[in-house]
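Subject: A structure for you to look through

Dear colleague,

I am passing on a structure that I would like you to read alongside these notes. Please keep it open while you go through them.

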Amino acid sequence: MSPSREGTRPGTVEVDLGGRLVTVPEGGLYDRFRMDTDLDEVARDPRVSGVDFFRRLPKTEVGSPIGPTRTPNFYYRMSSARLTTLARSRAIRARLPEELAPLEVAPGLGLVSVIFFRYDVCDIDFYTEAAVGVAVRPARHSGPGFVDLVAALKNDHLDSYVLSLPVSTEIAQVRGHDGYGFPKWVTEIDVDIDSGRTSARVANDDGGTDLALSVATPPQTSRPSGEHVSTLTSFTSIGGAWHSTLSQTNVLSAGSATFPRDVDLQIGQGRMADDLRSLRPIRTVRLDVTTEGQLALHMPVPVSIRDRGTRRER
C-alpha cells in the first residue's frame, strides 16, 4: 500500500499494517524498503560495522496477521543490558500459562530477566524496548530441568516467556503485538549504553518511572562477526495457538559480571514493575551488557507444546 502523507506529523508517513495505520519516519528504512532493505546501503551507514551476518540470512515473504511481510527483521546496530535474578519457582509458575514450566537452576529456583534494548539501525527504524521475562523449559521436554539448563548454556540457546515488552514506536508495537503475539504497548523508553555506563528508564502511563536501571558497564570483549551468535526462542499464543519466535544475536562487543555490585534498579509504579514484583525476585546473579550487536528476528511459527495438566505447587 502506498504511504499516506495526510494527517501525519512532520517528517513522518502513514503505512498500513494489516488494516492498522501507523506512522514511520519519512525517508527511513521502512518507508523506502518495506523490510527488503538494501544491505549495500546499510553497509555505508557509519554506525554499522558490517552486514556479512545478514547476507547469510536471506529473507522470505510470508503471510501474517499484519499482512504479507518479509522475514527475518534485521537489526543492524543494537545494544542491550540484561539483569538476571533468582526467583522462587512457585512465583514464576503462578505467572506462566499452564503449558509452560520454569527452567530451574536448583529445585524450587528459576530465572527472571529484566532487559533493556536500543535499536539504532533496523528495518523498522530506531526504537527502544524493555522486557520482563522468565526462562522456561523447552517445549515438550520432561525429566530433570538441570539437564535442560546445562544444554541451554552449552548451546547458548534459551527459551523464554515474556510478561512485559513495551516499545517506543507505533510500528514496533503493532508488529510485535499483532504479528508476534507479544504483550507490547507504546511508552517513553530511554536507553543509553556505552563502554562506561548503562542507564535506562521506562515511563508509566502518568510519566513517572515504571522501571529504571543505572549500573557501570562491565568490561567489553570484541569479537569478529559470526564468532558468537546466541539464540533465544520465545513462546507466545496467537489466535489460541502456540507459536515460537526465534531471534539470533550476532554479538560484536559484550561483557558480563557475576553477582554484580552497585546495581541501581528502581522498581516504580507501572505494568513492568507489577510484573517484576509478582515474580518476587530474590537476588541478582548476573549482568550482561552488549554495547554492539546485530539481531535477526524471525516471524513466529506454530509449535506443539506438551499439555502439562494440573500443576503441583512446590
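Predicted model: local features only at pLDDT ≥ 70, side-chain atom pairs only at ≥ 80, totals over all residues.

Which residue follows α7, and is its phi positive or negative? The residue that follows α7 is Arg280, and its phi is positive, near 50°.

Residues are numbered from 1 along each chain as its sequence is written, and side-chain values use heavy atoms, with hydrogens and water left out.

The helix and its sheet

Helix α7 covers residues 271-278, and its buried residues are Met272, Ala273, Asp275 and Leu276, where buried means under 20% relative accessible area, exposed over 50% and partly exposed in between, with a 1.4 Å probe and protein chains only. Seen down the axis of α7, these residues fall within an arc of 160° (the arc of the directions from the helix axis to the C-beta atoms), so they line one face of the helix.

An open sheet of four strands has the order β10-β11-β12-β16, with antiparallel pairing; two strands pair if DSSP finds at least two bridges between them. Because β10 (189-193) and β16 (264-267) stand at the edges with a single partner strand each, one side of each is left without a neighbour in the sheet. Five bridges join β10 to β11 (residues 197-203), and Ile193 stands opposite Thr198 in β11.

Aromatic rings

Rings of Phe, Tyr and Trp (its six-membered ring) pair if their centres lie within 6.5 Å, and planes under 30 degrees apart count as stacked, over 60 as edge-to-face and the rest as tilted. By this rule the count comes to nine aromatic pairs. One of them, formed by Phe54 and Tyr76, is edge-to-face, with 4.8 Å centre to centre and 65° between the planes. This pair links distant parts of the chain, since Phe54 belongs to helix α3 (residues 52-55) and Tyr76 to strand β5 (residues 73-88), 22 residues apart. Phe54 is buried, with a relative accessible area of 1%, and for Tyr76, also buried, the value is 1%. Ring pairs link Phe53, Phe54, Phe74 and Tyr76 into a cluster.

Technical notes: Helix = DSSP H or I, 4+ residues; strand = E, 2+ residues; numbered from the N terminus.
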